[in-house]
Amino acid sequence: MSGSGTSFLSALTRMHTGAFIGLLGAVAYSLLSLAWTVRPEAAFLALGEAVIPIFASAVLIMRWRIAPPPQWLFETLAKAMLLAAALIAFELLLNFPLRQVYGGRLGSYVHNRPVVTLLLLLLPVLSWALLCGRKKLGLILLSAMTIVIAISDSEAAKLGLLAAIGSSILVYAFPKRISPILIVGLLGFVWIQPVFGDIVANLTPPRLIELTKAGHSKERIEIWQAFGEVARKHPATGTGFASTAFIKDHPVITEVDPGFRRALEMGHPHNAYLQVWVELGVPGALILSWFLFWGMRRLSEQSVSIRRMGLSALMCASAIALVSHGAWQGWWIAALALVAALFSIRPNDPVQQEVFIPTYPEAHLTPDEPVTGVTASG
């Protein structure tokens with residue numbers, strides 16, 4: 001027991017301090033904001049829903065630093081994803097025969113969250129497939145996921161897939177220069193959120209809104225405009241953690257343009273960046289900026305192969321966060337936390353190669369040197 005405790009303590013000391021600084025700051029300020037949120041009890045439960053999977057991910061990362069995961073981890077995950085994709089396609093194409101047997105809501109939207117989760121997990125699994133010489137399995141998985149995303153109702157997953165493909169092309173074309181460009185773009189998205197809805201409303205042609213009506217683009221823009229006005233009303237502190245679900249009960253509702261009040265009843269801004277602004281104000285935007293910058297810094301220290309997939313995963317998740325889902329939903333945080341944990345596995349580390357690689361004789365590792373794209377302390 002004492003040896004196990006010592007190992008975990010050793011792994012803890014080797015964790016990057018930047019992650020702890022950001023996480024502690026985020027949790028502390030979120031707890032503080034319960035003092036002015038609308039329903040502190042509900043907000044506290046929402047905070048727990050977000051923090052628990054992050055804590056679980058941290059435990060996984062520390063455990064895998066003590067001893068690498070078993071050889072079968074990624075291959076089993078890949079096969080499970082293929083099975084899940086097959087079941088989702090079966091349901092969507094044949095009008096939910098399984099759901100009609102075991103019950104539940106009938107509607108293609110019920111598979112949106114599983115599809116987004118599969119897309120997020122796809123990138124670390126593809127990274128493993130390329131590193132370990134399982135390119136055929138990786139190609140099958142990529143093809144299956146692309147088909148499922150295409151036939152699903154999840155416009156967020158489609159956007160995320162396009163963002164992943166686009167960023168992959170940019171990373172391959174400009175391997176040493178793309179990191180600063182991407183981080184500037186992400187930070188720009190964070191800091192324009194109070195006026196993001198107005199910008200999109202003014203710049204988007206009506207024809208494009210018509211073409212994207214399946215994704216409820218008109219409604220989303222109105223929601224962004226409404227919550228953007230709330231963010232501008234309370235920029236210093238925000239309206240409190242998890243307050244967007246009950247914003248109609250907040251005094252700020254009387255300060256908002258009456259034409260936007262109906263849009264505020266949608267539960268959340270359908271934009272994680274904007275939700276951070278509305279609920280946590282400028283301090284929340286600073287914490288989010290730190291996480292993005294720190295994450296990009298960590299990726300820039302990885303081998304080229306892992307860095308490429310990691311940047312694609314970051315851009316994929318960022319694109320999805322920009323248009324969909326409540327920022328603190330447990331399934332979403334858990335998916336992101338698991339992806340982060342999987343990317344923390346480094347099969348090009350000599351200590352992990354012995355456990356990770358030998359199953360596959362054709363596997364080989366490219367001696368990529370870390371490429372530094374941005375700099376940061378911690």
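His-325 lies in the loop between helix H14 (304-323) and helix H15 (330-343). Helices (H or I, at least four residues) and strands (E, at least two) are DSSP runs, numbered from the N terminus. The phi angle of His-325 is positive, near 70°, in a residue other than glycine. At 11% relative accessibility, His-325 counts as buried. Buried means under 20% relative accessible area, exposed over 50%, and partly exposed in between (1.4 Å probe, protein chains only).

The model is predicted: local features need pLDDT of at least 70, side-chain atom pairs count only at pLDDT 80 or more, and totals for chains, interfaces and linings use all residues. Residues are numbered from 1 along each chain as its sequence is written, and side-chain values use heavy atoms, with hydrogens and water left out.

A second residue has a positive phi. Ala-242 is not a glycine, yet its phi is about 60°. Ala-242 sits in the loop between H12 and helix H13 (272-300). Its relative accessible area is 10%, so Ala-242 is buried.

The chain has 16 helices and 0 strands. Of its 378 residues, 48% count as buried. Contact means heavy atoms within 4.5 Å. Among contacts in the chain with a separation of 6 or more, 79% come from residues 24 or more positions apart.

The structure holds 0 disulfides, a disulfide being a pair of cysteine sulfur atoms within 2.5 Å. Cys-132 is buried, with a relative accessible area of 0%. Cys-316 also counts as buried, at 0% relative accessibility.

In soluble globular proteins, nonpolar side chains tend to be buried together. Here, the largest nonpolar core has 99 residues. Such a core is a set of buried Ala, Val, Leu, Ile, Met, Phe, Trp, Tyr and Cys residues joined through side-chain atoms within 4.5 Å. Met-81, Leu-120 and Phe-241 touch the most other members. H6 supplies the largest share of this core, 13 residues.

Met-81 lies in helix H4 (residues 73-93). Its relative accessibility is 2%, so Met-81 counts as buried. Neighbours within four places in sequence aside, Met-81 is in contact with Leu-118, Leu-121, Leu-122, Val-125, Leu-141 and Met-145. Thr-117 is 36 residues from Met-81 along the chain, and the C-alpha atoms of the two are separated by 9.8 Å.

Met-296 is found in helix H13. At 1% relative accessibility, Met-296 counts as buried. Met-296 and Leu-311 are 15 residues apart in sequence and 7.6 Å apart in space, C-alpha to C-alpha.

Helix H12 (residues 217-233) holds Gln-225. Gln-225 is buried, with a relative accessible area of 16%, whereas Arg-232 is partly exposed, with a relative accessible area of 37%. With neighbours within four places in sequence left aside, Gln-225 is in contact with Gly-197, Asp-198, Ala-201 and Phe-260. Arg-232 touches Pro-194, Val-195 and Asp-198, not counting residues up to four places away in sequence. The C-alpha atoms of Arg-232 and Gln-193 are separated by 9.5 Å, with the two residues 39 apart along the chain.

Rolling a probe the size of a water molecule over the atoms shows where empty space is left. On a 1 Å grid over the protein atoms alone, a pocket is an open set of points where a 1.4 Å probe fits, with protein on both sides within 12 Å along at least five of seven lines. Lining residues have an atom within 4 Å of a point. Grid points are joined across faces, edges and corners, and a volume is the space filled by probe spheres set on the points.

About 710 Å³ of space lies in the second largest pocket. Its lining has 26 residues, of which Asn-112, His-216, Arg-220, His-270 and Ser-324 lie nearest the centre. Helix H6 (112-131), helix H8 (155-173) and H12 each supply at least two lining residues. H12 gives the most, with 4 residues. By class, the lining of this pocket has 8 nonpolar, 10 polar and 8 charged residues. Ala, Val, Leu, Ile, Met, Phe, Trp, Tyr, Cys and Pro count as nonpolar, Asp, Glu, Lys and Arg as charged, and the others, Gly among them, as polar.
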